[in-house]
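Biologist: Thanks for sitting down with me. Could you put the model on screen and walk me through it?

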Amino acid sequence: MMLAERLRRLPIAARMLLSALVLVVLVLPAAGALLSWNFREAVNTAFNERLESLLNVVIAGVSYDVRQNALVTNRQLGDSRFDRVFSGWYWQVSDEGERVLTSRSLWDQRLAVSRESGMTFRTVTGPRDKQLRVLERDIRLPNLEDLLHVQVAADLGEVEAQIARFQTLLWLSLATLGGLLIVLIGLQIRWGLAPLRRVEQSLKAVEQGRQPSVETDLPKELARLAGAINTVLDRDQRLIERGRTAAGNLAHALKTPVAVLGTLAERLPEEQQVAMRAELKRLDEAVRHHLARASAAGPVALGAEQEVATVLEPVIEGIRRLAGRRNLVFQSDLQQGLQVRIDAQDLQEIAGNLLENAINWAESCVKLAGVIEGGWLVLSVSDDGPGMSPDTRQEALSRGGRLDESRSGSGLGLAIVTELALLHGGELRLDNSPEGGLRAEVVLPMTQLRSRL
């Protein structure tokens, strides 16, 4: 199962290259074996035909000398190897008696005679233990009653050496051909999959906000795919835009009825006012929470890069004025040139909620900082308020968690920041600040940021 799982997840290029490799490994050896067999058969056939030709020459040249009562030959085979002692090339003519005529190469050795009739090939061990192929047949001479046995033998080592040389050259050639085929197939796969890489790069560009849609200048099949992707992206962006617009409209539409109900509640008896105000408060907090989640449902543009200082400038100015009215010192220390791939509205929502929470709890000062640490963007807000114990930090991150009912606000700020941070692949962390109060840090992963420094 593990192997099947891995094979299913193999990249397309690896699949195609692996299939080509399997094809080369299977086909080339089979082709090599077939070529080797055909060459061996051709060499053996040519060798046998040559022996047959030499045998006919020996037969044509042998005769019986009646006066000497001996076998003689009047023809030369035209091959010096028959004259060189133990060269591996021999011929022999013999009868059933003592008459024997041999080539000089046999010297004092003799070839074993077969009792088979007709022309036959066989392999024997000759002088110096060499493997010989022997062609032999029986003949009769006109002036000799005895049957003569004519033999021609040649060293098989030459045939085997020729076959071995061919096989070495063949397998070297096939190995080289296989390597070239793999390289060429790899180049072909790379060229063939180039449009897919362009689609991937185009999708990354869309994700990073560098272009609004996937390019469609592609082969026909991929152009249709890119068009379908663009259609989906366009529809999703319209839906997100419509959802945010609807959330804003709903927020404005609910503000007036809730305010009217609050006013009407003041006319009720005291006991009913308490119950009515409690329910209106729950209604207001629930509406604000879900509307905030709807407005933070994701960026309209996929991951457009934002200049942090530029996006947060209006938020910082508003908080600076608010801090001045409350006699608080506000400090902003954002690293210059810092860019983050996040929706501007979401970044403002994160910073605004953290700063608003710090302003509500600070005694004398609030500090905003933005830096890169170890490939992460860290946006931190700290104050010198009462801070939080470890047990109360989790409560503060929950939906609508309130630490002090006497303070203003719905208590949804930190919960909204948590959801926005998670939406963009980060997290919200709470800790004690150096000023003695609370430090809230939003950390976004490296894939979400880029610094020009």
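Biologist: Let's begin with the overview: how many helices and strands does the protein have?
Modeller: Bear in mind that this is a predicted model. Of its 453 residues, 37% are buried. The count of secondary structure elements comes to 10 helices and 15 strands.

Biologist: What share of the contacts with a separation of 6 or more joins residues 24 or more positions apart?
Modeller: Here we take the contacts in the protein with a separation of 6 or more and pick out those between residues 24 or more positions apart. That share is 59%.

Biologist: Now the open sheet of 5 strands: which strands stand at its edges?
Modeller: The pairing in this sheet is mixed, and the strand order reads β9-β11-β12-β14-β13. A strand with a single partner has one side left without a neighbour in the sheet, so we look for strands of that kind. They are β9 (329-334) and β13 (427-432).

Biologist: Within that sheet, which residue of β12 is the bridge partner of A369?
Modeller: Strand β11 (residues 365-373) and strand β12 (residues 376-383) run antiparallel, joined by 8 bridges. A369 lies in the β11 range, and its bridge partner in β12 is S380.

Biologist: Which strands does helix α8 lie across?
Modeller: Helix α8 spans residues 344-361. Its direction makes about 25° with that of β12. The strands it lies across are β9, β11, β12, β13 and β14 (438-444).

Biologist: Helix α8 also meets α10; at what angle do their axes cross?
Modeller: Residues D346, E349, I350, N353 and L354 of α8 meet G413, L414, I416, V417, L420 and L423 of α10. By class, this contact has 7 nonpolar, 2 polar and 2 charged residues. The crossing is left-handed. The axes come within 9 Å, and they cross at roughly 145°.

Biologist: On to S87: is this residue buried or exposed?
Modeller: S87 sits in the loop between β2 (70-73) and β3 (90-94). Its relative accessible area is 12%. The cut-off for buried is under 20%, so S87 counts as buried.

Biologist: And which residue's backbone oxygen does the side chain of S87 reach?
Modeller: Leaving out residues up to four places away in sequence, S87 touches R81, F82, S105 and K130. One of these supplies the backbone oxygen, at 2.3 Å from the S87 side chain: R81.

Key: Residues are numbered from 1 along each chain as its sequence is written. This is a predicted model: local features need pLDDT of at least 70, side-chain atom pairs count only at pLDDT 80 or more; totals for chains, interfaces and linings use all residues. Side-chain values use heavy atoms; hydrogens and water are left out. Axes are lines fitted to C-alpha atoms, for helices over the stretch in contact, and angles run from 0 to 180 degrees between N-to-C directions. Helices (H or I, at least four residues) and strands (E, at least two) are DSSP runs, numbered from the N terminus. A crossing is left-handed if the near helix is turned anticlockwise from the far one by less than a right angle, and right-handed if clockwise. Contact means heavy atoms within 4.5 Å. Ala, Val, Leu, Ile, Met, Phe, Trp, Tyr, Cys and Pro count as nonpolar, Asp, Glu, Lys and Arg as charged, and the others, Gly among them, as polar. Two strands pair if DSSP finds at least two bridges between them. Buried means under 20% relative accessible area, exposed over 50%, partly exposed in between (1.4 Å probe, protein chains only). A polar contact is a pair of N or O atoms within 3.5 Å; within protein, one must be able to donate a hydrogen and the other to accept it, and residues adjacent in sequence count only if both atoms are side-chain atoms.
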